[in-house]
Amino acid sequence: MPGRTPRSPPDGAISPPRREDKFGIPEEEAAQLYARAAAERWLRPVGLAVHIGSQITALAPFERAYRRLLERAEALRAAGLPLRRLDLGGGLGISYRAETALSLERFGAMLGRLFARTGFELALEPGRYLVGPAGVLLTRVIRRKETAHRHFVIVDAAMNDLIRPALYDAWHGIVPVGPRPGGLEGAELQEADVVGPVCESGDTFARARLLPPLAEGEILALLDAGAYGRVMASTYNARPLAAEVMIREGRAALIRPRQRREELWAHEIAAPFDAGEDEAAAGGRG
Ligand SMILES: Cc1ncc(COP(=O)(O)O)c(C=O)c1O
């Protein structure tokens, strides 16, 4: 559930986990299932797991969920069932915009308070927190378009490269990179819609974003693209996957080359019946 927090309201298609969703096992059924698994000859349950959502920047929802998990785990243990591990899931939120990222110090202190004396082994699954801020998507301005209502900046990246804005209406910081005549200081900001070139209205990275005037050819960085970026990328619209570059201590290394266009169809197989039908048709025409 990478896109939503338990508090951000759903837009219908994508929403936080609710009882009617596919995620998890109803809490009241978990104990019974655990006991059943423990009684099975070929199964060895080792613990309970919880994952309450993603991009959660407040501590309270985690604490509430973990208290409940702990109660359930202690009840199972008291009932004599083997249980040594609690998996606390992920969901630790980062700062895309003005959110205060979850504080790891406070998160850690809370885990200490709840679990230090319980003897349970803990597992964590933070995804976004580890890699989100580490990645940027670089893109070039390919055109500007003015209409009566909007000022569009068209870039060469698109929703296939970073789908979060199209899928979740997610906000990513956008900054011009590279030398600009006069620099960024003092540049007059103007509202622009930053859009990709794919034929979908949703192929929009930002709406009415205050940006300095951007010229064709300028490079922009879409920030915090390290999580749910490349892994959710696709070749939609016959667009090869972008190259990936790792930067460490001022050194850059290509770690995945730009996909070649021929790779888009390299694994396609011509169906044999097409050839057969062609021959039959040719034979029929005699
Ligand atoms: C079970 C589970 N664990 C961990 C994660 C990682 O979440 P995040 O990237 O928000 O830390 C997810 C993502 O939805 C998940 O479903």
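## Overview

Of the 286 residues of the protein, 21% count as buried, a residue being buried if 20 or more other C-beta atoms lie within 10 Å of its own, exposed if 12 or fewer, and partly exposed in between, with C-beta atoms placed from the backbone. This is a predicted model, in which local features need pLDDT of at least 70 and side-chain atom pairs count only at pLDDT 80 or more, while totals for chains, interfaces and linings use all residues. Residues are numbered from 1 along each chain as its sequence is written.

The secondary structure comes to 6 helices and 11 strands; these are DSSP runs numbered from the N terminus, helices being H or I with at least four residues and strands E with at least two. Among contacts between residues at least 6 apart in sequence, 68% join residues at least 24 apart. Two residues are in contact if their C-beta atoms, placed from the backbone, lie within 7 Å.

## Surroundings of the ligand

The ligand is surrounded by 14 residues, and the closest are Ser54, Gly90, Glu125, Gly127 and Arg128. A residue is near a molecule if its C-beta atom, placed from the backbone, lies within 6 Å of it.

By class, this shell divides into 6 nonpolar, 6 polar and 2 charged residues. Ala, Val, Leu, Ile, Met, Phe, Trp, Tyr, Cys and Pro count as nonpolar, Asp, Glu, Lys and Arg as charged, and the others, Gly among them, as polar.

## Nonpolar cores

In soluble globular proteins, nonpolar side chains tend to be buried together. The largest nonpolar core has 18 residues, of which Leu137, Leu162, Val194 and Leu222 touch the most other members. Such a core is a set of buried Ala, Val, Leu, Ile, Met, Phe, Trp, Tyr and Cys residues joined through C-beta atoms within 7 Å.

Strand β7 gives the most, with 3 residues. Leaving aside neighbours within four places in sequence, Val194 is in contact with Val153, Val155, Ile174, Phe205, Ala206 and Arg209. There is also a second, separate core of 15 residues, which includes Phe62, Ala73, Leu76 and Leu92.

## Helix contacts

Helix α1 (residues 27–39) and helix α2 (residues 59–78) have axes that come within 11 Å and cross at roughly 35°. Axes are lines fitted to C-alpha atoms, for helices over the stretch in contact, and angles run from 0 to 180 degrees between N-to-C directions. The crossing of α1 and α2 is right-handed, the near helix being turned clockwise from the far one by less than a right angle. Ala30, Ala31 and Tyr34 in α1 meet Arg72, Ala75 and Leu76 in α2, a contact with 5 nonpolar, no polar and 1 charged residues.

Leu114 is found in helix α3 (residues 104–115). Leu114 is partly exposed, because 19 other C-beta atoms lie within 10 Å. Not counting residues up to four places away in sequence, Leu114 touches Tyr66, Arg67 and Leu70. Leu114 and Glu63 are 51 residues apart in sequence and 8.4 Å apart in space, C-alpha to C-alpha.

## Positive phi angles

Most residues other than glycine have a negative phi. Ala208, in strand β8 (residues 204–211), has a positive phi near 45°. Ala208 counts as exposed, because it has 9 C-beta neighbours inside 10 Å.

Glu249 lies in the loop between β10 (244–248) and β11 (251–256). Phi of Glu249 is positive, near 45°. With 4 C-beta neighbours inside 10 Å, Glu249 counts as exposed.
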